[in-house]
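Colleague: I would like to learn how to read a model of this kind, feature by feature. Could we go through it together, with the general idea before each case?

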Amino acid sequence: MIAQLVPVLIAFGANLGDRGETIRAAQRELAASPSISNFAASPLRETIALKLDGTDPDAPRYINGVATADTTLDPHALLDLMQRIEHDHGRERGERWGDRTLDIDLILFGGRVIQDDRLTVPHPRAHERDFVLSPWLDLDPHAVLMGHGRVADLLERVGDTTSPLAEADS
């Protein structure tokens, strides 16, 4: 049987610990998986923490980035791999939208729409999150978010509060 390659978009975020190094290590681990190919990471960007009731300027700031890749995994196997990497980097699942050492979200899985108890793809809030849209636009100026339109237009609509992160700052 020939495995099908599926293009994916994955988002990364961290606001505790060595944020940039944690994200880059997680990206290296994903890219090293035999089921992942053509991995390309965006530059990292810094953002104010977003909590359930809005932005929190007193919380540790987030570093975010996205990556594109192709995978032979099914969506839930990819989710399992992403959650294992989160766990290996100290991710604790407690407070919803709480501070975290690493967050990895599956934004797109080919052109598939998935909604079950573990996974919703396309990510239901990606179109309103500058910390996803801005690094994605850095990576692909022609990107389109399925069901919502051009990433450049979406980012213009929500506004961009992120700032580029110099690699030395990460």
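This is a predicted model: local features need pLDDT of at least 70, side-chain atom pairs count only at pLDDT 80 or more; totals for chains, interfaces and linings use all residues.

Colleague: How many helices and strands does the protein have, and what does its C-alpha trace span along the principal axes?

Modeller: The protein is made of four helices and twelve strands, and its C-alpha trace spans about 50 × 35 × 35 Å along the principal axes. A compact globule of 170 residues would have a radius of gyration near 15 Å, and because the protein has 15 Å, the value agrees with that expectation. Of the 170 residues, 46% count as buried. If we take the contacts with a separation of 6 or more, 68% of them come from residues 24 or more positions apart.

Colleague: How should I read a strand, and which strands pair with E1?

Modeller: The general idea is that side chains in a regular strand alternate between the two faces of the sheet. Strand E1, residues 6–14, pairs in the antiparallel sense with strand E6, residues 62–71, over nine bridges, and Gly13 has Asn64 in E6 as its bridge partner. E1 also pairs with strand E7, residues 103–109, again in the antiparallel sense, here over six bridges, and in E7 the bridge partner of Leu9 is Leu108.

Colleague: Is E1 mostly covered or mostly exposed?

Modeller: E1 is mostly covered, with eight of its nine residues buried.

Colleague: What volume does the second largest pocket have, and which residues line it?

Modeller: The volume of the second largest pocket is about 170 Å³. Its lining includes Thr47, Ile48, Leu50 and Thr55, together with Glu128, Arg129, Asp130 and Phe131. Sorted by class, that lining has four nonpolar, four polar and three charged residues.

Colleague: Which residues of H3 are buried?

Modeller: The buried residues in H3 are Asp130, Phe131, Val132, Leu133, Ser134, Pro135 and Trp136, and with seven of its ten residues buried the helix is mostly covered.

Colleague: Where is there a cis peptide bond, and which residue other than glycine has a positive phi near 55°?

Modeller: The cis peptide bond joins Val121 and Pro122, with omega at about 0°, and Pro122 is found in the loop between strand E9 (120–121) and H3. The positive phi, near 55°, belongs to Asn38, a residue that lies in strand E2, residues 36–41.

Colleague: Why does Asn38 count as exposed?

Modeller: Asn38 counts as exposed because its relative accessibility is 57%, and the cut-off for that class is over 50%.

Definitions and conventions. Residues are numbered from 1 along each chain as its sequence is written. Side-chain values use heavy atoms; hydrogens and water are left out. Buried means under 20% relative accessible area, exposed over 50%, partly exposed in between (1.4 Å probe, protein chains only). Helices (H or I, at least four residues) and strands (E, at least two) are DSSP runs, numbered from the N terminus. Two strands pair if DSSP finds at least two bridges between them. On a 1 Å grid over the protein atoms alone, a cavity is a set of points where a 1.4 Å probe fits but cannot get out, and a pocket is an open set with protein on both sides within 12 Å along at least five of seven lines; lining residues have an atom within 4 Å of a point. Grid points are joined across faces, edges and corners, and a volume is the space filled by probe spheres set on the points. Ala, Val, Leu, Ile, Met, Phe, Trp, Tyr, Cys and Pro count as nonpolar, Asp, Glu, Lys and Arg as charged, and the others, Gly among them, as polar. The radius of gyration is taken over C-alpha atoms; the globule rule is 2.2 Å times the number of residues to the power 0.38. Contact means heavy atoms within 4.5 Å.
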